[in-house]
Amino acid sequence: MNYKYKLVAAAIAVVTLAGCSDGADRRRQANQDFNYLETAPLGTWTQPAGAIPAQVSDYNIPARSFQGGLGPSVDIRPPQQVLALIPGARAVKGEDGVSLLLAKEEELNKVWALTQKLIVERNITLRSNTANAMETDWVTWNNDDEDRQIGSRYRIERSAELGRYTYQISLIDWREDGVEMPVSVDNKERYSTIMTNVVTARYDQLERDKARERAQQLVKQIPISMGQDRSGLPVIIARAPYNVFWERLPLVLNEIGFTVESRNRSQGLVEVKYRSPDDEFWTELGTKPIMLDSRSYNVQLGDLGNRTSINITNDKGKPVNEEALNSLAPVLAAAIERAQ
């Protein structure tokens, strides 16, 4: 039985971005005419009478046959790129497909085990399966930039020879709307890359999930206190590394009246809206209410090595006063302690 493998919203990142158009063919074809196909063939140059010939080779057209599409068959979509989501891995594209060169054998085994897990989860059947190679049955893709249903089969291999740890995915068979066709160079590269990105994206998701779980465990022991930044201005100090506190902060904020609107990890910025809970909440938490109005704020985190600074600005970028920060610090500490 052949199983359909349809990407959902979570896998959009590994599929070609679709441009604005009326159909899939418009996303693949140039938005111009193809009159150049009607160009008359080149003729033989006739030397004018009395002219002195000069030999210049700068503009000679090589006498060879070039393979590739013409007119509407030329695919203008940008080439797929392998998502760099596995630390230390290097992607290499070749005639056989896409290879990931991994730094350690344990990473290779980890990616291999993940591939086996994905195959089970996606109900992909295997035609062959050995310790270091597997060959899939038909995998079905329904992508917005294709005007037909695509089917592809893959050979997935791993190798650990001479200190080189290689994971390779190769497209070996191709069909369109159920009709088998020869595998073109472009399709082999594009869909080998897409399949590789399905694996790397899942690897990244699992690593993020593990980091979040570690953060939830570590954050239970984080002391919160008031301090000063390099300019001497008051800030809240969380005695935990930035990456640990970043993962846990949204859940803590949600528990004390903040709604997270957006986050930018590289900038350490969390955009929030605040609405103070009722008196019963503060009595239960055992703290005084936060001295902030119900409005939008920006929570700014700073990386201080083994500590993280926390500051609050209003929607115009102006820092809140020290009194408001002083009221927030014990609330954060109580919320983290209650999470234990």
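This is a predicted model: local features need pLDDT of at least 70, side-chain atom pairs count only at pLDDT 80 or more; totals for chains, interfaces and linings use all residues.
Mentor: Residues are numbered from 1 along each chain as its sequence is written, and side-chain values use heavy atoms, with hydrogens and water left out.

Trainee: What makes β12 and β13 a pair?

Mentor: Strands are DSSP runs of E with at least two residues, and helices are runs of H or I with at least four, numbered from the N terminus. Two strands pair if DSSP finds at least two bridges between them. Strand β12 (residues 269-274) and strand β13 (residues 296-303) have five bridges. So they count as paired. They run antiparallel. In one of the bridges, V270 is partnered by V299 in β13.

Trainee: How do you know that β13 also pairs with β14?

Mentor: Seven bridges join β13 to strand β14 (residues 308-314), again in the antiparallel sense. G302 has S309 in β14 as its bridge partner. Four residues lie between the strands of this hairpin, and G305 has a positive phi near 85 degrees there.

Trainee: Why is N123 called partly exposed?

Mentor: Buried means under 20% relative accessible area, exposed over 50%, and partly exposed in between (1.4 Å probe, protein chains only). N123 has 45% relative accessibility, so it counts as partly exposed. N123 sits in the loop between α2 (105-121) and β3 (126-129).

Trainee: Why is D177 called exposed?

Mentor: D177 reaches 51%, so it counts as exposed. Its loop runs between β7 (164-176) and β8 (179-181).

Trainee: What makes the phi of N123 worth a remark?

Mentor: Most residues other than glycine have a negative phi. N123 is not a glycine, yet its phi is positive, about 55 degrees. D177, also not a glycine, has a positive phi near 50 degrees.

Trainee: Why is a space called a cavity?

Mentor: On a 1 Å grid over the protein atoms alone, a cavity is a set of points where a 1.4 Å probe fits but cannot get out. The whole structure has one cavity of 30 Å³ or more. The volume of the largest cavity is about 80 Å³, counted as the space filled by probe spheres set on the points.

Trainee: Which residues line the largest cavity?

Mentor: Lining residues have an atom within 4 Å of a point. Eleven residues line the largest cavity, and L118, I119, I124, M195 and V199 are the closest to its centre. Helices α2 and α3 (185-218) each give two or more residues to the lining.

Conventions:
On a 1 Å grid over the protein atoms alone, a cavity is a set of points where a 1.4 Å probe fits but cannot get out, and a pocket is an open set with protein on both sides within 12 Å along at least five of seven lines; lining residues have an atom within 4 Å of a point.
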